[in-house]
Amino acid sequence: MEKKVYKEEIERKLAQLADAFCPILYEDDEVFLENMQGRNLAGDDVRLYRHWEWTQGVGLYGFWKLFVKTGEGKYLDILVRYFDQQLAIGFPALNVNTVTPFLTMSCVGEYLHEEKYLAPCRESAKWIMERFPRTEEGGFQHMTSDTRNDQELWDDTLFMTVLFLANMGRIEGKQSYTDEAQYQFLLHGKYLADQRTGLWYHGWTFRGRHNFARAFWGRGNCWITIAIPELLEMSRCSEPVRRTLTQLLVNQIGGLRRYQSETGMWHTLIDDADSYEETSASCGFAYGILRAVHTGLIGREYEPIAWRALRPVLEHIAGDGVVRQVSYGTAMGRESLDFYRNIPLKPMPYGQALAMLFLIECLEIEA
(Lines give C-alpha, C1' and ligand atoms only; values in the text may rest on other atoms or scores of the structure.)
Protein backbone atom coordinates (compact mmCIF):
# COMPACT_ATOMS: atom_id res chain seq x y z
CA MET A 1 0.00 0.00 0.00
CA GLU A 2 1.25 3.48 -0.84
CA LYS A 3 2.49 5.54 2.09
CA LYS A 4 0.08 8.33 1.11
CA VAL A 5 -2.82 5.91 1.59
CA TYR A 6 -1.31 4.79 4.90
CA LYS A 7 -1.09 8.42 5.98
CA GLU A 8 -4.80 8.93 5.45
CA GLU A 9 -5.64 5.74 7.31
CA ILE A 10 -3.23 6.57 10.14
CA GLU A 11 -4.77 9.99 10.64
CA ARG A 12 -8.26 8.46 10.70
CA LYS A 13 -7.21 5.79 13.20
CA LEU A 14 -5.50 8.38 15.42
CA ALA A 15 -8.74 10.33 15.64
CA GLN A 16 -10.59 7.13 16.57
CA LEU A 17 -7.98 6.27 19.21
CA ALA A 18 -8.39 9.69 20.77
CA ASP A 19 -12.19 9.45 20.80
CA ALA A 20 -11.98 6.09 22.58
CA PHE A 21 -9.34 7.21 25.07
CA CYS A 22 -11.45 8.88 27.75
CA PRO A 23 -14.18 6.21 27.98
CA ILE A 24 -11.59 3.56 28.90
CA LEU A 25 -9.23 5.77 30.93
CA TYR A 26 -10.61 4.25 34.14
CA GLU A 27 -11.01 0.74 32.74
CA ASP A 28 -8.95 -0.76 35.55
CA ASP A 29 -10.79 0.94 38.42
CA GLU A 30 -12.83 -1.82 40.02
CA VAL A 31 -10.22 -4.57 39.72
CA PHE A 32 -7.49 -2.25 40.95
CA LEU A 33 -9.45 -1.05 43.97
CA GLU A 34 -10.36 -4.62 44.85
CA ASN A 35 -6.69 -5.67 44.69
CA MET A 36 -5.69 -2.69 46.82
CA GLN A 37 -7.97 -3.64 49.71
CA GLY A 38 -5.77 -4.80 52.56
CA ARG A 39 -2.55 -4.37 50.59
CA ASN A 40 -2.26 -0.58 50.49
CA LEU A 41 1.31 -0.06 51.71
CA ALA A 42 0.93 3.64 52.50
CA GLY A 43 -2.43 3.32 54.24
CA ASP A 44 -3.91 6.05 52.01
CA ASP A 45 -7.54 6.33 51.06
CA VAL A 46 -7.58 3.99 48.06
CA ARG A 47 -9.69 6.50 46.13
CA LEU A 48 -6.54 8.62 45.76
CA TYR A 49 -5.06 5.87 43.58
CA ARG A 50 -8.19 5.40 41.51
CA HIS A 51 -7.20 7.73 38.68
CA TRP A 52 -3.49 8.14 39.37
CA GLU A 53 -1.63 4.95 38.53
CA TRP A 54 0.65 3.76 35.77
CA THR A 55 -2.19 2.63 33.51
CA GLN A 56 -3.52 6.16 33.31
CA GLY A 57 0.00 7.63 33.36
CA VAL A 58 1.09 5.89 30.18
CA GLY A 59 -2.19 6.83 28.54
CA LEU A 60 -1.72 10.49 29.40
CA TYR A 61 1.76 10.52 27.85
CA GLY A 62 0.40 9.18 24.58
CA PHE A 63 -2.27 11.88 24.65
CA TRP A 64 0.36 14.55 25.31
CA LYS A 65 2.33 13.40 22.27
CA LEU A 66 -0.86 13.55 20.23
CA PHE A 67 -1.38 17.17 21.29
CA VAL A 68 2.24 18.05 20.44
CA LYS A 69 1.87 16.46 17.01
CA THR A 70 -1.51 17.94 16.09
CA GLY A 71 -1.54 21.17 18.08
CA GLU A 72 -5.26 20.66 18.65
CA GLY A 73 -6.31 22.45 21.81
CA LYS A 74 -9.04 19.95 22.63
CA TYR A 75 -6.39 17.37 23.53
CA LEU A 76 -4.59 19.76 25.87
CA ASP A 77 -7.94 20.66 27.43
CA ILE A 78 -8.54 17.00 28.31
CA LEU A 79 -5.16 16.80 30.04
CA VAL A 80 -5.73 20.06 31.93
CA ARG A 81 -9.13 18.89 33.17
CA TYR A 82 -7.59 15.59 34.24
CA PHE A 83 -4.81 17.20 36.24
CA ASP A 84 -7.12 19.79 37.78
CA GLN A 85 -9.39 16.99 38.92
CA GLN A 86 -6.50 15.21 40.63
CA LEU A 87 -5.24 18.41 42.23
CA ALA A 88 -8.67 18.74 43.83
CA ILE A 89 -8.70 15.11 44.99
CA GLY A 90 -5.08 14.94 46.16
CA PHE A 91 -2.23 12.59 45.29
CA PRO A 92 -1.50 9.10 46.62
CA ALA A 93 1.80 8.06 48.16
CA LEU A 94 4.64 7.88 45.69
CA ASN A 95 5.96 4.63 44.26
CA VAL A 96 7.11 3.44 40.84
CA ASN A 97 3.60 3.41 39.40
CA THR A 98 2.13 6.55 40.99
CA VAL A 99 5.08 8.58 39.67
CA THR A 100 4.12 7.79 36.07
CA PRO A 101 1.38 10.44 35.56
CA PHE A 102 3.78 13.16 36.72
CA LEU A 103 5.76 12.78 33.48
CA THR A 104 2.90 14.23 31.48
CA MET A 105 2.03 16.73 34.21
CA SER A 106 5.59 18.06 34.03
CA CYS A 107 5.28 18.45 30.26
CA VAL A 108 1.96 20.28 30.57
CA GLY A 109 3.26 22.47 33.39
CA GLU A 110 6.30 23.46 31.40
CA TYR A 111 4.26 24.17 28.27
CA LEU A 112 1.72 26.32 30.10
CA HIS A 113 4.25 27.86 32.54
CA GLU A 114 1.79 26.78 35.21
CA GLU A 115 3.15 26.53 38.74
CA LYS A 116 0.20 24.54 40.09
CA TYR A 117 1.31 21.64 37.88
CA LEU A 118 5.07 22.10 38.30
CA ALA A 119 5.05 22.35 42.10
CA PRO A 120 3.83 18.74 42.69
CA CYS A 121 6.35 17.59 40.11
CA ARG A 122 9.20 19.29 41.97
CA GLU A 123 8.10 17.70 45.23
CA SER A 124 7.89 14.28 43.62
CA ALA A 125 11.32 14.53 41.98
CA LYS A 126 12.85 15.61 45.29
CA TRP A 127 11.18 12.65 47.03
CA ILE A 128 12.56 10.26 44.42
CA MET A 129 16.09 11.53 44.96
CA GLU A 130 15.94 11.52 48.75
CA ARG A 131 13.50 8.82 49.79
CA PHE A 132 12.88 6.29 47.02
CA PRO A 133 13.49 2.72 48.31
CA ARG A 134 16.78 1.41 46.96
CA THR A 135 18.20 -2.00 46.17
CA GLU A 136 21.81 -3.01 46.47
CA GLU A 137 23.97 -0.79 44.26
CA GLY A 138 21.45 2.04 44.58
CA GLY A 139 18.79 0.85 42.16
CA PHE A 140 15.21 2.08 42.35
CA GLN A 141 13.36 -0.78 44.02
CA HIS A 142 10.19 -1.59 42.07
CA MET A 143 7.83 -0.76 44.91
CA THR A 144 4.22 -0.45 43.78
CA SER A 145 1.06 0.64 45.58
CA ASP A 146 0.46 -2.81 47.02
CA THR A 147 3.80 -4.67 46.88
CA ARG A 148 7.26 -3.75 48.17
CA ASN A 149 9.17 -6.08 45.83
CA ASP A 150 12.12 -5.90 48.18
CA GLN A 151 15.52 -5.72 46.44
CA GLU A 152 13.95 -6.14 42.99
CA LEU A 153 14.69 -4.32 39.72
CA TRP A 154 11.99 -4.42 37.01
CA ASP A 155 12.30 -3.19 33.44
CA ASP A 156 9.07 -1.16 33.83
CA THR A 157 10.76 1.24 36.27
CA LEU A 158 12.76 3.07 33.63
CA PHE A 159 9.66 4.31 31.82
CA MET A 160 7.38 4.59 34.83
CA THR A 161 9.69 6.59 37.12
CA VAL A 162 13.11 7.36 35.69
CA LEU A 163 11.93 9.26 32.60
CA PHE A 164 10.03 11.65 34.85
CA LEU A 165 13.15 12.28 36.93
CA ALA A 166 15.16 12.92 33.76
CA ASN A 167 12.53 15.32 32.46
CA MET A 168 12.55 17.26 35.71
CA GLY A 169 16.33 17.40 35.52
CA ARG A 170 15.95 19.08 32.13
CA ILE A 171 13.16 21.43 33.23
CA GLU A 172 14.81 22.44 36.49
CA GLY A 173 18.39 22.38 35.19
CA LYS A 174 19.38 19.88 37.89
CA GLN A 175 22.33 17.79 36.76
CA SER A 176 21.97 15.55 39.82
CA TYR A 177 18.61 14.38 38.51
CA THR A 178 20.06 13.72 35.06
CA ASP A 179 23.00 11.84 36.54
CA GLU A 180 20.71 9.68 38.67
CA ALA A 181 18.53 8.86 35.66
CA GLN A 182 21.59 7.84 33.66
CA TYR A 183 22.81 5.64 36.48
CA GLN A 184 19.44 3.89 36.80
CA PHE A 185 19.42 3.07 33.08
CA LEU A 186 22.94 1.66 33.27
CA LEU A 187 22.26 -0.36 36.41
CA HIS A 188 19.04 -1.84 35.08
CA GLY A 189 20.82 -2.70 31.84
CA LYS A 190 23.55 -4.45 33.81
CA TYR A 191 21.13 -6.86 35.47
CA LEU A 192 18.28 -7.15 32.95
CA ALA A 193 19.81 -7.11 29.47
CA ASP A 194 20.59 -10.60 28.18
CA GLN A 195 23.99 -10.83 26.54
CA ARG A 196 22.98 -13.59 24.13
CA THR A 197 19.75 -12.24 22.65
CA GLY A 198 19.90 -8.53 23.48
CA LEU A 199 16.41 -8.80 24.97
CA TRP A 200 15.66 -7.75 28.53
CA TYR A 201 14.41 -9.92 31.37
CA HIS A 202 11.36 -8.69 33.23
CA GLY A 203 13.16 -8.50 36.55
CA TRP A 204 16.13 -9.21 38.80
CA THR A 205 16.26 -9.97 42.51
CA PHE A 206 19.31 -9.21 44.63
CA ARG A 207 17.91 -11.58 47.26
CA GLY A 208 18.12 -14.69 45.08
CA ARG A 209 20.43 -13.15 42.47
CA HIS A 210 18.44 -14.41 39.49
CA ASN A 211 16.02 -13.19 36.81
CA PHE A 212 12.93 -14.97 38.19
CA ALA A 213 11.31 -17.01 35.37
CA ARG A 214 13.82 -15.54 32.87
CA ALA A 215 10.94 -14.08 30.86
CA PHE A 216 11.52 -11.94 27.80
CA TRP A 217 8.13 -10.34 28.35
CA GLY A 218 6.90 -8.29 25.42
CA ARG A 219 5.50 -5.14 26.99
CA GLY A 220 8.29 -5.05 29.57
CA ASN A 221 10.80 -5.03 26.75
CA CYS A 222 8.89 -2.33 24.88
CA TRP A 223 9.30 0.06 27.81
CA ILE A 224 13.04 -0.20 27.15
CA THR A 225 12.70 0.32 23.39
CA ILE A 226 10.73 3.48 24.15
CA ALA A 227 12.63 4.74 27.18
CA ILE A 228 16.14 4.78 25.72
CA PRO A 229 15.34 7.12 22.79
CA GLU A 230 13.12 9.24 25.05
CA LEU A 231 15.85 9.63 27.66
CA LEU A 232 18.54 10.47 25.14
CA GLU A 233 16.28 13.05 23.49
CA MET A 234 15.21 14.78 26.70
CA SER A 235 18.52 14.70 28.60
CA ARG A 236 22.08 15.76 27.90
CA CYS A 237 23.63 12.42 28.73
CA SER A 238 27.38 11.97 28.75
CA GLU A 239 28.90 10.50 25.60
CA PRO A 240 29.86 7.18 27.30
CA VAL A 241 26.28 6.79 28.58
CA ARG A 242 24.81 7.68 25.20
CA ARG A 243 27.02 5.14 23.44
CA THR A 244 26.29 2.44 26.00
CA LEU A 245 22.51 2.91 25.90
CA THR A 246 22.46 3.14 22.12
CA GLN A 247 24.32 -0.16 21.88
CA LEU A 248 21.91 -1.77 24.35
CA LEU A 249 19.06 -0.59 22.12
CA VAL A 250 20.73 -1.89 18.97
CA ASN A 251 21.30 -5.24 20.67
CA GLN A 252 17.66 -5.40 21.70
CA ILE A 253 16.43 -4.51 18.21
CA GLY A 254 18.57 -7.36 16.87
CA GLY A 255 16.65 -9.74 19.12
CA LEU A 256 13.35 -8.19 18.12
CA ARG A 257 14.17 -8.65 14.44
CA ARG A 258 15.03 -12.30 15.09
CA TYR A 259 11.74 -13.05 16.83
CA GLN A 260 9.32 -10.83 14.90
CA SER A 261 6.30 -12.84 13.82
CA GLU A 262 5.48 -13.38 10.17
CA THR A 263 2.51 -11.09 10.69
CA GLY A 264 4.81 -8.24 11.75
CA MET A 265 3.68 -8.36 15.39
CA TRP A 266 5.52 -9.70 18.44
CA HIS A 267 4.43 -12.34 20.94
CA THR A 268 3.77 -11.58 24.60
CA LEU A 269 6.77 -13.81 25.33
CA ILE A 270 9.01 -12.56 22.56
CA ASP A 271 10.88 -15.81 21.99
CA ASP A 272 7.83 -18.08 22.35
CA ALA A 273 5.85 -18.35 19.11
CA ASP A 274 3.13 -20.30 20.93
CA SER A 275 2.29 -17.34 23.18
CA TYR A 276 -0.25 -14.90 21.78
CA GLU A 277 0.68 -11.91 19.66
CA GLU A 278 0.22 -8.73 21.68
CA THR A 279 -0.63 -5.27 20.34
CA SER A 280 0.65 -2.90 23.04
CA ALA A 281 4.16 -4.37 22.99
CA SER A 282 4.20 -4.42 19.19
CA CYS A 283 3.28 -0.73 19.14
CA GLY A 284 5.94 0.07 21.72
CA PHE A 285 8.65 -1.73 19.79
CA ALA A 286 7.71 -0.11 16.51
CA TYR A 287 7.48 3.36 18.08
CA GLY A 288 10.83 3.03 19.85
CA ILE A 289 12.58 1.85 16.70
CA LEU A 290 11.13 4.66 14.59
CA ARG A 291 11.89 7.24 17.27
CA ALA A 292 15.49 6.05 17.41
CA VAL A 293 15.74 6.30 13.61
CA HIS A 294 14.18 9.75 13.44
CA THR A 295 16.40 11.15 16.20
CA GLY A 296 19.54 9.75 14.54
CA LEU A 297 20.40 7.16 17.20
CA ILE A 298 20.29 4.32 14.72
CA GLY A 299 20.35 4.02 10.93
CA ARG A 300 17.38 3.93 8.58
CA GLU A 301 18.07 0.27 7.84
CA TYR A 302 16.12 -0.56 11.00
CA GLU A 303 12.98 1.26 9.87
CA PRO A 304 11.45 -1.70 7.93
CA ILE A 305 11.24 -3.70 11.18
CA ALA A 306 8.80 -1.15 12.56
CA TRP A 307 7.01 -0.66 9.25
CA ARG A 308 6.13 -4.38 9.16
CA ALA A 309 4.07 -3.92 12.31
CA LEU A 310 1.88 -1.14 10.94
CA ARG A 311 -0.64 -3.17 8.94
CA PRO A 312 -1.48 -5.65 11.74
CA VAL A 313 -1.63 -2.87 14.34
CA LEU A 314 -4.10 -0.90 12.22
CA GLU A 315 -6.21 -4.03 11.93
CA HIS A 316 -6.25 -4.38 15.73
CA ILE A 317 -7.76 -0.90 16.14
CA ALA A 318 -11.49 -1.55 16.01
CA GLY A 319 -14.00 0.73 14.35
CA ASP A 320 -14.82 2.25 17.74
CA GLY A 321 -11.15 3.19 18.20
CA VAL A 322 -10.44 0.65 20.94
CA VAL A 323 -7.17 -1.25 20.60
CA ARG A 324 -7.71 -5.00 20.73
CA GLN A 325 -5.33 -7.82 21.68
CA VAL A 326 -3.84 -5.91 24.63
CA SER A 327 -2.61 -7.88 27.63
CA TYR A 328 -3.83 -6.82 31.04
CA GLY A 329 -1.51 -5.35 33.70
CA THR A 330 1.22 -7.85 34.45
CA ALA A 331 3.09 -8.42 37.69
CA MET A 332 6.29 -10.47 37.96
CA GLY A 333 6.15 -14.06 36.76
CA ARG A 334 8.29 -15.39 39.55
CA GLU A 335 8.48 -19.07 38.72
CA SER A 336 6.77 -19.98 35.46
CA LEU A 337 6.51 -18.58 31.94
CA ASP A 338 2.92 -19.82 31.91
CA PHE A 339 2.12 -16.84 34.11
CA TYR A 340 2.70 -14.59 31.08
CA ARG A 341 0.98 -16.90 28.60
CA ASN A 342 -2.18 -16.78 30.70
CA ILE A 343 -2.50 -13.02 31.20
CA PRO A 344 -5.96 -12.07 29.86
CA LEU A 345 -6.54 -9.66 27.01
CA LYS A 346 -8.45 -6.46 27.78
CA PRO A 347 -8.74 -2.93 26.33
CA MET A 348 -6.58 -0.62 28.46
CA PRO A 349 -5.52 3.05 28.32
CA TYR A 350 -1.88 2.13 27.82
CA GLY A 351 -2.90 0.14 24.75
CA GLN A 352 -4.49 3.30 23.35
CA ALA A 353 -1.41 5.34 24.23
CA LEU A 354 1.15 2.98 22.73
CA ALA A 355 -0.86 2.78 19.52
CA MET A 356 -1.00 6.59 19.45
CA LEU A 357 2.76 6.83 19.88
CA PHE A 358 3.40 4.40 17.05
CA LEU A 359 0.97 5.99 14.60
CA ILE A 360 2.17 9.51 15.43
CA GLU A 361 5.73 8.46 14.68
CA CYS A 362 4.63 6.79 11.46
CA LEU A 363 3.51 10.20 10.21
CA GLU A 364 7.17 11.27 10.34
CA ILE A 365 8.07 8.73 7.69
CA GLU A 366 8.95 10.45 4.45
CA ALA A 367 6.75 9.62 1.49
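Where is the place of Pro23? Pro23 sits in the loop between α1 (3–21) and α2 (29–36). Before going on: this is a predicted model, where local features need pLDDT of at least 70, side-chain atom pairs count only at pLDDT 80 or more, and totals for chains, interfaces and linings use all residues. Residues are numbered from 1 along each chain as its sequence is written, and side-chain values use heavy atoms, with hydrogens and water left out. Helices (H or I, at least four residues) and strands (E, at least two) are DSSP runs, numbered from the N terminus.

**The loop proline**

- Pro23 is exposed, with a relative accessible area of 62% (buried means under 20%, exposed over 50%, partly exposed in between, using a 1.4 Å probe and protein chains only).
- Pro23 and Pro349 are 326 residues apart in sequence, yet their C-alpha atoms are 9.2 Å apart in space.

**Helix pairs**

- Two packed helices are described by the angle between their axes and the distance between those axes. Axes are lines fitted to C-alpha atoms, for helices over the stretch in contact, and angles run from 0 to 180 degrees between N-to-C directions.
- α9 (residues 218–234) packs on α10 (residues 239–259) at about 150°, with the axes 10 Å apart. The crossing is left-handed, a label used if the near helix is turned anticlockwise from the far one by less than a right angle (right-handed if clockwise).
- Contact means heavy atoms within 4.5 Å. Where α9 meets α10, the residues include Ile224, Ile228 and Leu231 from α9 and Leu245, Leu249 and Leu256 from α10.
- By class, the contact of α9 with α10 has 9 nonpolar, 4 polar and 1 charged residues. Here Ala, Val, Leu, Ile, Met, Phe, Trp, Tyr, Cys and Pro count as nonpolar, Asp, Glu, Lys and Arg as charged, and the others, Gly among them, as polar.
- α11 (residues 279–294) and α14 (residues 349–362) have axes that come within 8 Å and cross at roughly 35°; that crossing is left-handed.
- Among the residues in the contact of α11 with α14 are Tyr287, Leu290 and Arg291 in α11, and Leu354, Phe358 and Glu361 in α14.

**Buried helix faces**

- 16 of the 17 residues of α9 are buried, so α9 is largely enclosed by the rest of the structure.
- α6 (residues 115–131) has buried residues including Tyr117, Leu118, Trp127 and Ile128, and the buried residues of α6 pack against α4 (73–89), α5 (96–112), α7 (156–172) and α8 (175–192).
- The cover over the buried residues of α8 includes α6, β1 (152–154), α7, β2 (203–205), α9 and α10.

**Two buried polar side chains**

- Gln184, found in helix α8, is buried because its relative accessible area is 0%. A polar atom of the Gln184 side chain lies 2.9 Å from the backbone nitrogen of Phe140.
- Not counting residues up to four places away in sequence, Gln184 touches Arg134, Gly138, Gly139, Phe140, Leu158 and Val162.
- Thr279 is in helix α11 and counts as buried at 0% relative accessibility. The Thr279 side chain reaches the backbone oxygen of Arg324 at 2.8 Å.
- Leaving aside neighbours within four places in sequence, Thr279 is in contact with Met265, His316, Val323, Arg324, Gln325 and Val326.

Conventions
Polar contact = N/O pair within 3.5 Å; in protein donor to acceptor, adjacent residues only side chain to side chain.
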